[in-house]
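Reader: I would like to go through this model term by term. Please show it first.

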Amino acid sequence: MKQLLLILFCFATSNTFAQTRIAIFGGSVAQFFKDRGGQAELALIMPEAKFFNFGKSGDGLCKQTKIENGKAIVGGIPRIIEEQCAPNKEKFDIYIIWCSTNDIWGNPIGTPDDYTEDDGFDEKNLLTQCGGLNRCIKSIQQHAPEAKILLFASLKSFNDSYGYSRTGITKYNPPRRMCDYVDAQIQCAERFSIPVLNLWAESGINEYNSKKLCPDGIHPTEEAYKGLCPLFKVFLSRFIK
């Protein structure tokens, strides 16, 4: 009887402390989520999950990628994801691609067909936001086919009206606004049936409260990151077994 109780206790304990392993990839907005206490807050309200943050300031989906002698030299978020998808790396249960604002400063948007079977995985299209994002999805899918991939669409930017408004003034020719980049992110995710948390539309950070919650126009404060955690919890809880 004692032996049976011990077995049951060990079984219950192992289940109680089993955590879903969640990897987060992105640029500085993802990195600062950890640095400014948001990740710790999310871990506190989601003890069933363990978070691993690979965000790196300055990184984008296409910004750092170059073509040399007809071959892509992959940089930024796709490179870090490829490093974590090497054969010797452990698999995570959930992979979050948190889209960066770094690609909107003049880099091409591309189309959801970039770097897919439709263009023969043309490496020249890794120079677009869509191509870089699709490369990330492909790398994760091949490394961890049973894992869940999730997309966090970019937060708004408040340094110019084109960063938070669909009709804001844009300095680019041809005209393109941040909402165009976000729409493309979501279209790429839809192509591969990847669930999206649209932070551009749902974060609650806007032009009226941005000076308090996002004073540099791009990066949320500690308060703002912690305020996002309930939204993250509701979204992520759908995918935790």
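Reader: Where is Ser193 placed?

Author: Ser193 sits in the loop between H6 and strand E7 (196–198). Helices (H or I, at least four residues) and strands (E, at least two) are DSSP runs, numbered from the N terminus. This is a predicted model: local features need pLDDT of at least 70, side-chain atom pairs count only at pLDDT 80 or more, and totals for chains, interfaces and linings use all residues. Residues are numbered from 1 along each chain as its sequence is written, and side-chain values use heavy atoms, with hydrogens and water left out.

Reader: Why is Ser193 called exposed?

Author: Its relative accessible area is 63%. Exposed means over 50%, buried under 20%, and partly exposed in between (1.4 Å probe, protein chains only). Ser193 is therefore exposed. Phi of Ser193 is near 55°, a positive value in a residue other than glycine.

Reader: What makes Tyr115 count as buried?

Author: Tyr115 has 8% relative accessibility, so it counts as buried. Tyr115 lies in the loop between E5 and H5. Its phi is near 50°, again positive in a residue other than glycine.

Reader: Why does Lys56 count as partly exposed?

Author: Lys56 has 40% relative accessibility, so it counts as partly exposed. Its place is the loop between E2 and strand E3 (66–68).

Reader: What is Lys56 in contact with, beyond its neighbours within four places in sequence?

Author: Contact means heavy atoms within 4.5 Å. Lys56 is in contact with Gly26, Gly27, Ser28, Gln31, Arg79 and Ile80. Lys56 and Ile77 are 21 residues apart in sequence and 8.0 Å apart in space, C-alpha to C-alpha.

Reader: How do you know that Asn134 is buried?

Author: Its relative accessible area is 1%, so Asn134 is buried. Asn134 belongs to helix H5 (residues 129–143).

Reader: What does the side chain of Asn134 reach?

Author: It reaches the backbone oxygen of Asp114 at 2.7 Å. A polar contact is a pair of N or O atoms within 3.5 Å; within protein, one must be able to donate a hydrogen and the other to accept it, and residues adjacent in sequence count only if both atoms are side-chain atoms. Not counting residues up to four places away in sequence, Asn134 touches residues including Asp114, Tyr115, Cys188 and Phe192.

Reader: Which residues of H5 and H6 meet?

Author: Gln129, Cys130, Leu133 and Asn134 in H5 meet Tyr181, Ala184, Gln185 and Cys188 in H6. The two axes come within 10 Å and cross at roughly 35°. Axes are lines fitted to C-alpha atoms, for helices over the stretch in contact, and angles run from 0 to 180 degrees between N-to-C directions.

Reader: What makes the buried residues of H3 line one face?

Author: The buried residues of helix H3 (residues 38–45) are Gly38, Gln39 and Leu42. Seen down the axis of H3, they fall within an arc of 95°, so they line one face of the helix. The arc is that of the directions from the helix axis to the C-beta atoms. On the other side of H3, Ala40 and Leu44 are exposed. The buried residues of H3 pack against E1, helix H2 (28–35), strand E2 (49–53) and helix H9 (222–237).
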